[in-house]
Amino acid sequence: LVGSEMCIRDRLRSPVCKSFPVYESFDYVAGTDLIASTNWQDASTSSTPNNIQVVAATLGNPYGAGQFPDPTGSMINLIGSGSDPYIGFNATSAGMIYASFIFSPTDISTMTDTTDGGYFVALAESGGSFRARLYIRQTAGDNTRYELGISESGSATNFNTTLSFAPGEETFIVMEYNLGTNEIRVWGNPDPANFEGVAAPATQDLYQASGSTAANLGRFILRQDLSLIHI
């Protein structure tokens with residue numbers, strides 16, 4: 001995952017310190033650092049943080065009119081290594097935590113790691129330990145498509161080769177972490193008929209039983225994974 005580029009807009013649904021749920025529209029001035037806003041803190045200790053920038057919105061709605069609200073506000077662009085900003089919410093040790101967002105890679109032609117790729121968002125404990133990482137990699141033998149994977153660890157990711165997308169198309173992701181069973185589930189462009197339901201769909205696109213037990217969850221993190229990774 002080297003030399004690619006992706007834009008991302010967040011829509012978070014999780015317990016929060018200020019109110020419940022969190023909704024981040026990135027209603028900030030283009031050209032400013034994301035961590036300059038009151039909602040975000042920087043988990044990185046790098047002396048050259050390469051702060052994530054707010055940019056003018058170009059993302060559209062991946063669903064039809066009336067199925068899903070149109071995105072509002074600005075968006076952000078993840079490029080290379082550096083700053084890992086996060087939104088903190090009340091440390092929660094029971095039940096399910098959900099996070100959702102719209103994103104769209106603009107160029108995947110120079111991705112190089114088709115095994116693990118790299119991860120760009122994570123759910124973490126309030127102390128910072130990552131518990132669910134969402135990965136992206138180029139489809140093997142096809143540099144015009146990418147796949148998504150989920151993992152609790154920094155490697156050995158669980159990819160779904162049928163969950164494949166093309167750059168330039170908006171994708172809506174919903175992540176779930178079950179704190180009772182330590183299971184991770186992900187849906188990509190879920191059926192809008194299931195929106196606002198009382199329970200998540202029984203079938204998911206990505207699944208992993210976590211390799212360890214989370215004491216709690218208290219952070220949603222934007223991760224700039226490795227140098228030269230542009231997301």
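Reply: Arg133 lies in strand 8, residues 130-139. Strands here are DSSP runs of E, at least two residues, numbered from the N terminus. The model is predicted: local features need pLDDT of at least 70, side-chain atom pairs count only at pLDDT 80 or more, and totals for chains, interfaces and linings use all residues. Residues are numbered from 1 along each chain as its sequence is written, and side-chain values use heavy atoms, leaving out hydrogens and water.

Arg133 is buried, that is, under 20% relative accessible area with a 1.4 Å probe, protein chains only. Yet Arg133 has no salt bridge. That term needs a side-chain nitrogen of Lys or Arg within 4 Å of a carboxyl oxygen of Asp or Glu. The nearest side chain of opposite charge is Glu152, 5.4 Å away. Lys and Arg count as positive, Asp and Glu as negative; His and the chain ends are not counted.

What does the side chain of Arg133 reach at 3.4 Å? The backbone oxygen of Ser153. The backbone oxygen of Glu152 also lies 2.3 Å from a polar atom of the Arg133 side chain.

Now the wider surroundings. Setting aside residues up to four places away in sequence, Arg133 touches Tyr119, Val121, Ala122, Gly149, Ile150, Ser151, Glu152, Ser153 and Gly154. Contact means heavy atoms within 4.5 Å.

The charged end of Arg137 sits over the ring of Phe159, 3.9 Å from its centre. Arg219 lies over the face of Tyr86, at 3.9 Å from the ring centre. The test is CZ of Arg, or NZ of Lys, within 6 Å of the ring centre and within 35 degrees of the ring normal.

Note on methods. Helix = DSSP H or I, 4+ residues; strand = E, 2+ residues; numbered from the N terminus. Buried < 20%, exposed > 50% of the residue type's maximum accessible area, 1.4 Å probe, protein only. Polar contact = N/O pair within 3.5 Å; in protein donor to acceptor, adjacent residues only side chain to side chain.
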